[in-house]
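Please look through the structure shown below.

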Amino acid sequence: MYGKKVTMIGLGSVGSTAALQLTKAGIMDFVLIDPDVLKIHNVVRHVCDLTDLGRYKVDAVAEKLLNINPDVNITKIRDDCIDAYGSITELIKGSSIFVV
């Protein structure tokens with residue numbers, strides 16, 4: 001999986017878990033897109049925990065990925081992908097995998 005770029009649209013319970021597993025599989029380049037903050041009802045099924053409450057999901061998940069592999073390259077977008085489409089087009093270009 002070396003040399004692949006993954007764009008993650010949404011970092012809820014599925015997206016956050018997929019990002020962790022892809023990091024463990026050797027993905028080194030991510031674009032993380034999610035406008036939401038972690039709330040109490042997210043914690044039971046999310047890779048993040050109570051210490052991450054109130055943080056943007058992109059920040060909390062990025063930290064988890066960097067704790068697995070500190071050399072991972074992460075671009076964080078704290079915006080809705082539809083609203084930000086015009087400004088993120090170049091960032092997501094060249095992605096090998098999209099997880100929505």
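A residue is called buried if its relative accessible area is under 20%, exposed if it is over 50%, and partly exposed in between, with a 1.4 Å probe and protein chains only. Helices (H or I, at least four residues) and strands (E, at least two) are DSSP runs, numbered from the N terminus. This is a predicted model, in which local features need pLDDT of at least 70 and side-chain atom pairs count only at pLDDT 80 or more, while totals for chains, interfaces and linings use all residues. Residues are numbered from 1 along each chain as its sequence is written, and side-chain values use heavy atoms, with hydrogens and water left out.

Start with strand β2, residues 29-33. Of its 5 residues, 4 are buried, so β2 is largely enclosed by the rest of the structure. Two strands pair if DSSP finds at least two bridges between them. Strand β2 pairs with β1 (residues 5-9) in the parallel sense, over 5 bridges, and here Phe-30 of β2 stands opposite Val-6. Strand β2 also pairs with β3 (residues 73-77), again parallel and over 5 bridges; Val-31 has Thr-75 in β3 as its bridge partner. On the way from β2 to β3 the chain passes through helix α2 (residues 57-68), in a right-handed β-α-β crossover. A crossover is right-handed if, with the strands pointing away from the viewer, the path from the first strand over the helix to the second runs clockwise. Strand β1, helix α1 (residues 13-24) and β2 also make a right-handed β-α-β unit.

Next comes a loop residue. Ser-95 lies between α3 (85-92) and β4 (97-99) and is buried, at 15% relative accessible area. Its side chain makes a polar contact of 2.6 Å with the side chain of Thr-7. Such a contact is a pair of N or O atoms within 3.5 Å; within protein, one must be able to donate a hydrogen and the other to accept it, and residues adjacent in sequence count only if both atoms are side-chain atoms. A polar atom of the Ser-95 side chain also lies 2.8 Å from the backbone oxygen of Ile-92. Beyond its neighbours within four places in sequence, Ser-95 is in contact (heavy atoms within 4.5 Å) with Lys-5 and Thr-7.

Last, the cysteines. How many disulfides does a search of the whole structure find? The search finds 0, a disulfide being a pair of cysteine sulfur atoms within 2.5 Å. The sulfur of Cys-48 is 19 Å from the closest cysteine sulfur, that of Cys-81, which is too far for a bond. Cys-48 is buried, at 2% relative accessible area, whereas Cys-81 is partly exposed, at 21%.
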